[in-house]
Amino acid sequence: MRIEPTPADAKPLFTFDSLSLGEIVRLTNKHSSNLMARHLLLTLGKERYGDPATPEKGDAAIADWGRERGFDLTGVDIDNGSGLSRTTHISALQMAKVLDAAYHSRFAPEFLASLPLAGMDGTLRARMKGSPAGSVRLKTGHLESVSGVAGYVTTAAGKTYILVSLVNHVRADFGAAEPLHAALVAWILDNL
């Protein structure tokens, strides 16, 4: 195998169109595909800074995006894009501000559709089943001694709240954090 410029008289033998970005993000978020999340980070870097695709370029592309929108992403470390890293970190407030921007962006419908629905699909299929259908859209994340959810909870009155719950504790991976996340959701639904 070798890489060379395409000859002028070359004819394609086969073409394949990928899924749309919205479909890729939906598959990535609903099922928590770490490989796809990493590839999205790599693609962001490549599109902004050219070949080769690297996590560093992806991280820089996200930092640029944040600066262009006035976000303070100081201290945020994306690392590999999937969240499966001890160096990846973001504060709850920083995450909430990004989620607020996503909610008010022109791409909000596609993004919201990508988040798992409590008790219905994706990584929340078996969690928070008592929530009203379609009212809880949260991305989940787990790492040894870490559990998190981030997304949106919509009350019966139609008001949508941002929820970011990050638990760092040795018992988080033994299921101790899931009841806390569920209690926060229930409190929002019952009290706001």
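**Chatting through the fold**

Reply: Starting at the N terminus, the elements of the protein run α-α-α-α-α-β-β-β-α. Helices (H or I, at least four residues) and strands (E, at least two) are DSSP runs, numbered from the N terminus. This is a predicted model: local features need pLDDT of at least 70, side-chain atom pairs count only at pLDDT 80 or more, and totals for chains, interfaces and linings use all residues. Residues are numbered from 1 along each chain as its sequence is written, and side-chain values use heavy atoms, with hydrogens and water left out.

Me: How many helices and strands does the protein have?

Reply: The protein has six helices and three strands. Its C-alpha trace spans about 65 × 35 × 35 Å along the principal axes.

Me: And what share of the residues is buried?

Reply: Buried residues are 31% of the 192 in the protein. Buried means under 20% relative accessible area, exposed means over 50%, and partly exposed is in between (1.4 Å probe, protein chains only).

Me: Let's talk helices. At what angle do H1 and H2 cross?

Reply: The axes of H1 and helix H2 (residues 34-49) cross at roughly 140 degrees and come within 8 Å. That makes H1 oblique to H2. Axes here are lines fitted to C-alpha atoms, for helices over the stretch in contact, and angles run from 0 to 180 degrees between N-to-C directions. Under 35 degrees counts as roughly parallel, over 145 as roughly antiparallel, 65 to 115 as roughly perpendicular, and the rest as oblique.

Me: Which residues in H1 and H2 meet?

Reply: Leu21, Ile24, Val25, Leu27 and Thr28 in H1 meet Met36, Ala37 and Leu40 in H2. Contact means heavy atoms within 4.5 Å.

Me: What about H2 and H3?

Reply: Their axes come within 7 Å and cross at roughly 75 degrees. H2 and H3 are therefore roughly perpendicular to each other.

Me: Switching topic: how many salt bridges does the structure hold?

Reply: There are eight salt bridges in the structure. A salt bridge is a side-chain nitrogen of Lys or Arg within 4 Å of a carboxyl oxygen of Asp or Glu.

Me: Which residue does lysine 30 meet in a salt bridge?

Reply: Lysine 30 meets aspartate 121, at 2.6 Å from N to O. The pair links distant parts of the chain, with lysine 30 in helix H1 and aspartate 121 in the loop between H5 and E1, 91 residues apart.

Me: Is lysine 30 buried or exposed?

Reply: Lysine 30 is buried, with a relative accessible area of 9%. Aspartate 121 counts as buried too, at 18%.

Me: What does arginine 48 pair with?

Reply: Arginine 48 forms a salt bridge with aspartate 64, where the closest N and O atoms are 3.6 Å apart. Arginine 48 lies in helix H2 and aspartate 64 in helix H3, so the pair ties together parts that are 16 residues apart in sequence. Arginine 48 also forms a salt bridge with glutamate 68, with the closest N and O atoms 2.3 Å apart. Salt bridges that share partners join Arg48, Asp64, Arg67, Glu68 and Arg69 into one network.

Me: Last one: where is the cis peptide bond?

Reply: The cis bond joins aspartate 51 and proline 52, with omega about -10 degrees. Proline 52 lies in the loop between H2 and helix H3 (55-68). Most peptide bonds are trans.
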